[in-house]
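Student: I have a chain to go through today. Could we examine it together, starting with a turn and working outwards?

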Amino acid sequence: MSRSLRRGALAASALVISIASLSACGAGNDAQTLGVRPDNAAVAVDDVKIQNAIVITQPTAGAPGPAVVSATVFNNGRAPQTLESITLAGSPSPVKLKAAEGTGPITVPAGGSVIIGGQGNASATIENGHEAVKDGGVQKLVFKLSETGDVSLQAFVVPASGYFKDFGPTEIPKPPAASPTATASPGGHGAESGSSADPSGEASHAAGH
């Protein structure tokens, strides 16, 4: 290869590297620019780690009904721990905890984990969720465990749609049933008890007349 060709190849390589470097700098750490969806909240304190914490509301914005907390709680210690409560910072709304078995406390086994949210798992229900949290916001959650104590983190608030549909509230308001309406007779009066209309349109009364 001639000296001029080698110089041309080196210059082209340098240009490619420069463009790649500038593109990377332009993207920076902006998750939106990179097209990367941010992970759900996670935190670790002592032997306890909480991952994928999120608050899920009703599918329709502002609809009355409960919301739920969904998360996975890991216990890397040598003794089991009990999840005593989950509270919403700045809100008096209680969070009702229920074990997967339906009775007793939510226990995180030693060296194991517990999934909260979703069918067949433990649950954490915010009774008046439409008043306590708002879609699109961030809610501080405090998990209280029997040994570790308070473990807090910031969780996204999303509606129970799309990916989160199967993890959302099981109680979804139904539209009110239509009230029955009386059917008027040709004369403008309601149907009389004990009579029915025959094909000719005349009332056929009960036997005995």
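**A hairpin, a core and an aromatic cluster**

Tutor: In the hairpin formed by S1 and S2, where 2 residues lie between the strands, aspartate 46 takes a positive phi near 55°. Please keep in mind that this is a predicted model.

Student: Where is aspartate 46 found, and is it buried or exposed?

Tutor: Aspartate 46 is found in the loop between strand S1 (41–45) and S2. Its relative accessibility is 70%, so aspartate 46 counts as exposed, the cut-off being over 50%.

Student: In what sense do S1 and S2 pair, and over how many bridges?

Tutor: They pair in the antiparallel sense, over 4 bridges. Valine 43 stands opposite isoleucine 50 in S2.

Student: What is phi for asparagine 52?

Tutor: Asparagine 52 has a phi near 55°, a positive value in a residue other than glycine. Asparagine 52 is found in strand S2. With a relative accessible area of 41%, asparagine 52 is partly exposed, because that value lies between the limits of 20% and 50%.

Student: How many of the residues of S2 are buried?

Tutor: S2 is mostly covered, with 7 of its 10 residues buried.

Student: Let us turn to the other partners of S2. How many bridges join S2 to S3?

Tutor: There are 7 bridges between S2 and S3, and the two strands run antiparallel. The bridge partner of isoleucine 54 in S3 is serine 70.

Student: And in what sense does S2 pair with S10?

Tutor: S2 and S10 pair in the parallel sense, over 4 bridges. Threonine 57 stands opposite proline 159 in S10.

Student: How far apart are the C-alpha atoms of alanine 155 and valine 55?

Tutor: They are separated by 6.5 Å, although the two residues are 100 residues apart along the chain. Leaving aside neighbours within four places in sequence, alanine 155 is in contact with Ala41, Ala53, Ile54, Val55, Gly137, Val138, Gln139 and Leu141.

Student: Gln139 is on that list. Why does glutamine 139 count as buried?

Tutor: Glutamine 139 counts as buried because its relative accessibility is 9%, and the cut-off is under 20%. Its place is in strand S9.

Student: What does the side chain of glutamine 139 reach?

Tutor: The side chain of glutamine 139 reaches the backbone oxygen of alanine 89, at 3.1 Å. Again leaving aside neighbours within four places in sequence, the residues in contact with glutamine 139 include Val55, Leu88, Ala89, Leu153, Ala155 and Val157.

Student: Now the nonpolar core. How many residues has the largest one?

Tutor: The largest nonpolar core has 30 residues, and those with the most contacts inside it are Ile50, Ile116 and Phe143. Several strands each supply at least two residues of this core, among them S2 (48–57), S3 (67–75), S4 (81–88), S7 (112–116), S9 (138–145) and S10 (149–159). A second, separate core has 6 residues, including Ile56, Val68, Val158 and Ala160.

Student: Which residues is isoleucine 116 in contact with, beyond its neighbours within four places in sequence?

Tutor: Isoleucine 116 is in contact with Val69, Ser70, Ala71, Val73, Leu83, Ile86, Ala122, Ser123, Ala124 and Phe143.

Student: A change of topic: how many aromatic pairs are found in the whole structure?

Tutor: A search of the whole structure finds 2 aromatic pairs. Tyrosine 163 and phenylalanine 164 form an edge-to-face pair, with 5.3 Å centre to centre and 85° between the planes. Tyr163, Phe164 and Phe167 form one aromatic cluster.

Student: Are tyrosine 163 and phenylalanine 164 buried or exposed?

Tutor: Tyrosine 163 counts as exposed, at 61% relative accessibility, whereas phenylalanine 164 is buried, with a relative accessible area of 9%.

Student: Finally, what does the chain as a whole come to?

Tutor: Its secondary structure comes to 3 helices and 12 strands. Buried residues make up 28% of the 209 residues in the chain. Of the contacts with a separation of 6 or more, 63% are between residues 24 or more positions apart. The accessible surface comes to about 13,700 Å², and 55% of that belongs to carbon and sulfur atoms.

Terms used: Residues are numbered from 1 along each chain as its sequence is written. This is a predicted model: local features need pLDDT of at least 70, side-chain atom pairs count only at pLDDT 80 or more; totals for chains, interfaces and linings use all residues. Side-chain values use heavy atoms; hydrogens and water are left out. A nonpolar core is a set of buried Ala, Val, Leu, Ile, Met, Phe, Trp, Tyr and Cys residues joined through side-chain atoms within 4.5 Å. Buried means under 20% relative accessible area, exposed over 50%, partly exposed in between (1.4 Å probe, protein chains only). Contact means heavy atoms within 4.5 Å. A polar contact is a pair of N or O atoms within 3.5 Å; within protein, one must be able to donate a hydrogen and the other to accept it, and residues adjacent in sequence count only if both atoms are side-chain atoms. Rings of Phe, Tyr and Trp (its six-membered ring) pair if their centres lie within 6.5 Å; planes under 30 degrees apart count as stacked, over 60 as edge-to-face and the rest as tilted. Accessible areas come from the Shrake-Rupley method with a 1.4 Å probe; for residues, only the protein chains shown count as cover. Two strands pair if DSSP finds at least two bridges between them.
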